Amino acid sequence: MKKTASHFNKNRKNHRGVSPAQSRRLRANRKKNTNTGRKARQEVISPELLVLIFGLILFFIFAGLIASWLFRGRSLKDQADSKAAEQGKESQKPPVHVDPDTIKPDIKKKLLEVSEYNRPGIDLPEVRGVVIHYVQNPGSTADENRRYFANLAKNHDTKASSHFIVGLEGEILQLVPLDEIAYCSNDANEDTISIECCHPDKSGKFNDKTYASVVQLTAWLCALYNLEADDVIRHYDVTGKMCPRYYVKHEDAWEQFKKDVEDIY
Ligand SMILES: [Zn+2]
């Protein structure tokens, strides 16, 4: 069979044994593969992509750091807040005192009439202490001392009074309401409750009945106004006056008095 040139060309194979048609296909495929490969390589390693990936990694690292810092800050703040709240509770915790009603002594109300000489009728908005006095009139009774104060409204001898007088039998008279000031403790009148105490002799020492009632009355007032033993003072502590005499002369007796008050409330 005579072979034509085209026939020859069509069937001729190159030195690798590939026909021109196959060779074209192979070249085309190679080109295609090369293009695809280049494109794929471009997708994986393009500098823009690297920058993007690197940027994302940095972003997540920083985001993680910031989140952990914020969380730590908040948890530290929470800890500090709860600690502060705990301490606040601690400092605001009121001292543990008994219910005043359970230790209230028997009090006879014999209020003075309002008068500028003994019961001025001025408000006592806040009680910060209790002031102890002695009547300075040995053997006088609570009623006699009340009468002395009441008479000042007529004789105008001086201006004086007290919220309470405790008598030789331990009786307790109230002359001025607790929300009004009494004329008893000079500069301390405006924020204290005053107690005058009867005494059998000029030493000024209270007898046992008077002492017991004064302690009970003072403890009740401390519980009522949430006071401490150191808020119980002597007239002496306000002005330096020798009142109540025995308990100024005998510091140990005064300290014992405050301890006895503290034991009750
Ligand atoms: Zn006094």
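Which residues point one way from β5, and which the other way? Thr 192, Ser 194 and Glu 196 go to one side, Ile 193, Ile 195 and Cys 197 go to the other, and all are buried. A residue counts as buried if 20 or more other C-beta atoms lie within 10 Å of its own, as exposed if 12 or fewer do, and as partly exposed in between, with C-beta atoms placed from the backbone. Since six of the six residues of β5 are buried, this strand is largely enclosed by the rest of the structure.

A word on the model itself. It is a predicted one, in which local features need pLDDT of at least 70 and side-chain atom pairs count only at pLDDT 80 or more, while totals for chains, interfaces and linings use all residues. Residues are numbered from 1 along each chain as its sequence is written.

Taken as a whole, the chain has nine helices and six strands; these are DSSP runs, numbered from the N terminus, with helices being H or I of at least four residues and strands E of at least two. Of the 265 residues in the chain, 26% are buried.

Now for the sheet. The six strands form an open sheet in the order β1-β4-β3-β5-β2-β6, with mixed pairing. At the edges sit β1 (108-109) and β6 (232-234), each pairing on one side only. Two strands pair if DSSP finds at least two bridges between them. Strands of a sheet pair through backbone hydrogen bonds, either parallel or antiparallel.

Back at β5, six bridges tie this strand to β2 in a parallel arrangement, and His 133 stands opposite Glu 196 there. Strand β3 also pairs with β5 in the parallel sense, over three bridges, and Cys 197 in β5 is the bridge partner of Val 166. By contrast, β3 (residues 164-166) and β4 (residues 172-174) run antiparallel, joined by three bridges. Here Val 166 stands opposite Ile 172 in β4. Helix α6 (residues 208-225) packs on the sheet and touches β2 (129-134), β3, β4, β5 (192-197) and β6. The direction of α6 makes about 175° with that of β5, where axes are lines fitted to C-alpha atoms, for helices over the stretch in contact, and angles run from 0 to 180 degrees between N-to-C directions.

Then there is Arg 119, found in the loop between β1 and β2. Arg 119 is buried, with 24 other C-beta atoms within 10 Å. Not counting residues up to four places away in sequence, Arg 119 touches Leu 112, Glu 113, Val 114, Ser 161, Val 176 and Glu 180; contact means C-beta atoms, placed from the backbone, within 7 Å.

How values were computed: Two residues are in contact if their C-beta atoms, placed from the backbone, lie within 7 Å.
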